[in-house]
Amino acid sequence: MKSDKERLLRRQNHFVDFYTKSIHSNCGVVGIYNHPEAAILTYYGLHALQHRGQEAAGIVSCEYLEDKKKHHFNVHKGSGLVLDVFSDELILTEDLKGNSAIGHNRYSTTGASGKRNNIQPFKVNYKDGNLALSHNGNLTNTNYLRNKLQEEGTIFQTTTDSEIILHLIAKSKEKSIEDKLLDAFSQVEGAYSVCILTDDKLIAVRDQYGVRPFVMGTLEDSYIFASETTALDIISADYIRDVEPGEMIIIDKDVIKTKQPKSIIFKKAEKYKHCIFEYIYFSRPDSQIFEEKVDKVRRNIGKNLSIEHPPPKKDNPENDEEKKVIVINVPDSSNTATLGYFNQAIKDNKNLKHEIGLIRSHYVGRTFIQPGQDNRKLKVKVKFNIVKGVLNNRKVVIVDDSIVRGNTLKLLVELIKKANPKEIHLRITSPPIVSPCYYGMDFPSKEELIANQHNGSIEEIRKYLGVDSLGYLSLDKLLDAVPYTEEKTDYCTACFSGKYPISIDDVKNKEKENFED
Ligand code: SF4
């Protein structure tokens, strides 16, 4: 017999399976300082960042114990969605007391996914007090640092890269926490947006390339840090600004009085390297990241795709009897880009309609697989249904954000064919994905990516997917759709170009070692 806990975990894992594509955003982080309901606000923040990680969630709060005259860190974390992990409200009101807190949503990009030890925030008690950390991103010199620390006698509790940062801070010989952090972050490389909680401070640190988004806001006399502005919106906090790439911001009681956050720019990059995929897929369209609204950029992306790969015309544009060509989105991730695509396309092609041809279930639970049944096919059917009357006898343009392995999209096309459309035309709002991400997104291996199969031929991929035409947005047109400033803004495009802006030698050496083992 399975325990209730095992049953819950199994249900959650099934939900996780349905919730996202086969690329997963890594994590979401939240931190709040100086609010009597810090844990509750952190919970809502995590809820608004659920799309950034559905595997596990956790909160650490800092409470001052009057009787003992010292600070105490309370922790609650578990596997599953935020709603499940914090299903009992007493966890937030009784267990996680305190005026400051940090939280984390996890999708594992390093470390074994099932290990409870790997769930963040991590908390340690070291000679100067308590320390807790939430990290979004991936370090790229993990193997070097881990080996070095282990040789010096460090014992690791987890298999994640994030724990390395805690050890570097705790081992630093510097005096103040600010200097300890500067010492630690001078040694790490890669992508990181990090919230650190100490007994009396909340500190935000971001890598010099600003790979992952990171914002700062206020609510009355409180300060908040979060991965995206949706976490500020849900608690009615005001956005102040982004945490700058290479910046450390310290919030403590003096800042509450003076309203002047302490800022230290500790590393400078010639140009930022924001993750361009955040604009395509990972971030929510109602967020603002990298100082721009995702909705606006995503519409631009759809617009450029429409210019490069317009929809087909009717067989006879003059024939009013012939039904219009329809443009549909794959809910929910391509909704906004589809609007951009359609609004541009209709300027040249009046015989066009935007329609809802696919309905996505938001209440997907587990599936019961019978022997011999195709699991993936069932999952697509449970997640999506077709609106037959809309699709029947039409030329249909499907707008989707990316193709990873292509298996799910192929099944979706098969499902749409059941409505007997005249033709199916696929439009993708990103270039072909050719390389994995080492900066905090979980991708399949290079070999598994469909763009590296079928001899890399778009025509062969089209045939495999079973559509009448296939158009990917080019990298040039993608770069043309995102905000750009000559002085500082640039993007990581490595998964489309194979050009990694931050060295991945350490990761590759480890991969080679494992292969040779
Ligand atoms: S490799 Fe792709 S997903 Fe990873 S940071 Fe670069 S653009 Fe983003």
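Colleague: How far apart are K463 and E460 in helix 16?

Modeller: They are three residues apart, so about one helical turn separates them. This model is predicted.

Colleague: What do K463 and E460 form?

Modeller: Start with the general idea. Side chains of opposite charge can pair when their charged atoms come close. Here, K463 and E460 form a salt bridge, with the closest N and O atoms 3.4 Å apart.

Colleague: Which residue does R405 meet in a salt bridge?

Modeller: R405 meets E448, at 3.3 Å from N to O. This pair links distant parts of the chain, 43 residues apart. R405 lies in the loop between strand 21 and helix 15. E448 lies in the loop between strand 22 and helix 16. R405 is partly exposed at 29%, and E448 is partly exposed at 35%.

Colleague: How many salt bridges are there in the whole structure?

Modeller: A search finds 26. Some are linked: D315, E322, K395, K422 and E423 belong to a network of salt bridges.

Colleague: Where does the ligand sit?

Modeller: The ligand sits in the largest cavity. Around the ligand are 13 residues, with R212, C275, C437, C492 and C495 the closest.

Colleague: Which classes of residue make up the shell around the ligand?

Modeller: Sort the residues by class. The shell has 12 nonpolar residues, no polar ones and one charged residue. Helix 10 gives the largest share of the shell, three residues. Helix 18 supplies at least two.

Methods:
Residues numbered from 1 in each chain as written. Predicted model: local features only at pLDDT ≥ 70, side-chain atom pairs only at ≥ 80, totals over all residues. Heavy atoms only, no water. Near = heavy atom within 4 Å. 1 Å grid on protein atoms, 1.4 Å probe; cavity = no way out; pocket = protein on both sides within 12 Å on 5 of 7 lines; lining within 4 Å. Sits in = over half its atoms within 2 Å of the grid points. Helix = DSSP H or I, 4+ residues; strand = E, 2+ residues; numbered from the N terminus. Nonpolar A, V, L, I, M, F, W, Y, C, P; charged D, E, K, R; others polar. Salt bridge = Lys/Arg side-chain N within 4 Å of Asp/Glu carboxyl O. Buried < 20%, exposed > 50% of the residue type's maximum accessible area, 1.4 Å probe, protein only.
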